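Colleague: Please take me through this entry feature by feature, giving the general idea before each case.

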Amino acid sequence: MNILLIAGRDALSEGIERGLRRRRGELSVWRFRSAPDFSEVGADFSTAPTSADAGASAAVYLAGPRGKYRGVEPDLKDAEACFRALATSGVEHAVVMSSAAVHEPSAHHLQWIDEVRCAPRRTGNPIPDRWQALERLAEQHLAAGGLTVLRPTPTLVPGGRDFWSRRVRRRLALTTPGYDPVVQLLDLEDLLSALGLVIDRAPAAGTVAVYHVAPAAPVPLAAALRRAQTIRLPVPVSLQAPVRALLAAAGRAAPTRQLDWTRHPSTVSDRRIRGHLGYAARYSSLEAIDRCRTPSAEPRRIPIEPDRFGLDKAYHRRLSKTLFRFLQRLWWRVDYRGLERVPTQGPAVLAGVHRGFQPWDGVMAMDQIVRTRGRYLRFLVHPTLFKPPVLTPYMQKLGGVPACRAHAEWVLDGGGLLGIFPEGIRGAFRPYGPDVYRLGKFGRNEYVRFAIRAGAPIVPFVTVGSAEIFPILGRVDWPWWRRVVEWPYFPITPTLGLVPLPAKWHTRFLEPEPTEHFGPEAAEDREIVSAVSQRVKERMQAALEDLLARRRHRFWGDLSEYPAEAGGDGL
C-alpha cells in the first residue's frame, strides 16, 4: 500500500514521516505551501507525482502548523482545500489527524470521556471549536470513501516546538497556581502504532470511524514535571496572559488559552480503539517524557499506581497524620459507630447526609474508612468542587470522582466503595434551623440503580454535628454568583465559611441494605427502586432523630443513654 502523507514541516510531521517510511516503505509526501494561497491546491493534487495517480490508496492528513494559534489549532482554510482535492483524487481511505483537544478542559469535563460525548462548552476556549470544525469538514468531504479520524492526546516529540514537548525539556515551566490536573502524554511510537492500525483497517465507504489515542497511564501534571526535572514556577494566568500574547504572535510561545489544559483535566478514554483494533499504548506518560528528553535511552520502568481521576494515597497519608487527625480527634471529636458494617471487600454504595455546605463530612468519613477498613471511598463530586484553585487538586487527590453514571459504574465494577449524598447540593445548603436534619428529596434515586446493577449493598450513614460547623443563618441571591460559582446562593455563616466551628460530631453507619437478590434488570423497575430508596431514607431519618434526641449539647458531650429497642445505634 502506497501512502500519501499531507503534512507541514514541524517536528511531529517529520517524525511521522520518518516512522511511516521505516514501517511501511512506500510513502509519498505532499508539503503545505509556504504562502497562504490555496486557490490551486486541487490542481496541484491532480498533477503532482505524489497524487493518487501514482498509486496511493491511503492518505494521511496532518493539520498545518499555521494560523492564529501556531501549532495549537488547525488551519481550516488549508484543511478544506486539501479535503476538496482528496475527495476527487481517487484515494480509497483518508485518515485525518485531529486532536483530543476537541474536548474542552473545564470543571465540567467528566474525564475519560469517550468519542461519542464532547465536554460541554463552559469557558469559551476557541481551540476545541476549531478542532471540531476540522472534523466536520473532513466528514463533509471525505466520508463517502471511508474516513478515519484519530484524536491523539498531546504527543511528545524530541526537538518539538509544541507546548508539551518544550515544557518537559525545559528547566523551568510556568504553571497555574492551585491546580494539578491529570494529563495524558503520548509517545510518538505509540501514535505511529495507532496510525498503522487504522491505515490497514479502512472503514466501509460512507462511514466515519473516530478513535481516541491515549497512553496507558495518566499522571498528575506536577509528577510529570518532576519526572522531567523541570522546576515549576506558579504564576497567575492574569500575569502570564500579556507576555504570552506577544510571544504567541511571534510563534515563540503557546497562546494563553492553552493554559486551560494545565488547570482542568481533559482526559479521554481509549476503550474504543482497544476494542475495535486491539490497540494498547506501550509507553506510559512518564515513560514518554523520558523518551522525549533522551530519545536514545530506554525509559526508566518505575512501577506506578495510576489512577484515572488522580487519587494520591501518599497525599492522603500526609493529611491523615496531620490535618485530618487534628479535626477528627481534637476539633470535632468525631464519635464513630458501626464502621464494621462497611465491607472490607467487594463493591458497596455508601449513602450519606451532607450538611454544612463544605464537604468535610464526606472527607472525614473517607479518612476513617481508610484508617479502619483499609479501603478508599470514592465520592461522586459536583462540578462546583472542581472549579476553585487549591480545592480542585485537594478533591482529586482524595479520590473525588466527577458525578455521572459511567464513573459510578467504573468504581463499582472495579469492586470499590462508591460514596453518594442522595440529596445532592440542596442538602448541603439547607438553612440552619429546627429542620436542618430533616431529609429532603433523594433526587432520581440513581444511587439505588447503581447498587442494583452492581449487586452491591447500600450502607447508609448519618452525621449529626456537621450542620453546626458552618450554620447557614441567611442567604444572598446573586445571579452572577450562581452563574460563576454554581452554588444556589451565597451562604451567610458566623465565620463567613472560613473557619469551621468546633461542633461535636456523631456519625453512625447503619446496617447494609441488600440489593443483590433483585438482579440487574430491577434497576429499570421504578417501583422497586423507589421502594428501596424510601426504605433507606426512612432508616436514615430515624437514625438522625435518634441522635438528635440523645445529643446533650451541640459543641460537647457524649450521647445520653437511650434504650436500644426504641432506636439508638441498632438502627
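This is a predicted model: local features need pLDDT of at least 70, side-chain atom pairs count only at pLDDT 80 or more; totals for chains, interfaces and linings use all residues.

Colleague: Where does Ser99 lie, and which residues is Ser99 in contact with?

Modeller: Ser99 belongs to the loop between β4 (93-97) and α4 (126-142); helices (H or I, at least four residues) and strands (E, at least two) are DSSP runs, numbered from the N terminus. If neighbours within four places in sequence are set aside, Ser99 is in contact with Trp131, Leu150, Arg151 and Pro152, contact meaning heavy atoms within 4.5 Å. Its side chain also reaches the backbone nitrogen of Ala101 at 2.9 Å, which can be read against the rule for a polar contact: a pair of N or O atoms within 3.5 Å, where within protein one must be able to donate a hydrogen and the other to accept it, and residues adjacent in sequence count only if both atoms are side-chain atoms.

Colleague: How many helices and strands does the protein chain have, and what share of its residues is buried?

Modeller: The protein chain has 19 helices and 21 strands, and buried residues account for 56% of its 571 residues. Of the contacts between residues at least 6 apart in sequence, 79% join residues at least 24 apart.

Colleague: How should I read strand pairing, and what is the order of the strands in the open sheet?

Modeller: Strands of a sheet pair through backbone hydrogen bonds, either parallel or antiparallel. The working rule is that two strands pair if DSSP finds at least two bridges between them. Here 7 strands form an open sheet with mixed pairing, in the order β13-β21-β18-β14-β17-β15-β16. β13 (335-337) and β16 stand at the edges with a single partner strand each, so one side of each is left without a neighbour in the sheet. Within the sheet, β15 (residues 377-381) and β17 (residues 417-420) run parallel and are joined by 3 bridges, and Leu377 has Leu417 as its bridge partner in β17.

Colleague: Is Val401 buried or exposed, and which residues does Val401 touch?

Modeller: Val401 sits in strand β16 (residues 401-402) and counts as buried, at 0% relative accessibility. Not counting residues up to four places away in sequence, Val401 touches Phe309, Arg378, Phe379, Leu380, Val381, Phe386 and His407. The C-alpha atoms of Val401 and Leu110 are separated by 8.6 Å, although these residues are 291 residues apart along the chain.

Colleague: Which residues are buried in helix α11, and why are they on the same side of α11?

Modeller: In α11 (residues 313-321) the buried residues are Tyr315, His316, Leu319 and Ser320. They cover an arc of only 130 degrees around the axis, which puts them on the same side of α11; the arc is that of the directions from the helix axis to the C-beta atoms. The buried residues of α11 pack against α12 (323-331), α13 (360-373) and α14 (391-397). At the start of α11, a side-chain oxygen of Asp312 comes to within 3.1 Å of the backbone nitrogen of Ala314.

Colleague: How are aromatic pairs read, and how many aromatic pairs are there?

Modeller: A pair of aromatic rings is described by the distance of the centres and the angle of the planes. Rings of Phe, Tyr and Trp (its six-membered ring) pair if their centres lie within 6.5 Å, with planes under 30 degrees apart counted as stacked, over 60 as edge-to-face and the rest as tilted. By this rule there are 22 aromatic pairs. The rings of Trp481 and Trp487 have centres 5.7 Å apart and planes at 75 degrees, so this pair is edge-to-face. Ring pairs link a cluster whose members include Phe357, Trp481, Trp487 and Tyr489.

Colleague: What should I make of phi at Gln229?

Modeller: Most residues other than glycine have a negative phi, and most peptide bonds are trans. Gln229, although not a glycine, has a positive phi of about 60 degrees; this residue lies in the loop between α7 (221-227) and β12 and is partly exposed at 49% relative accessibility. Arg333, also not a glycine, has a positive phi of about 45 degrees.

Definitions and conventions. Residues are numbered from 1 along each chain as its sequence is written. Side-chain values use heavy atoms; hydrogens and water are left out. Buried means under 20% relative accessible area, exposed over 50%, partly exposed in between (1.4 Å probe, protein chains only).
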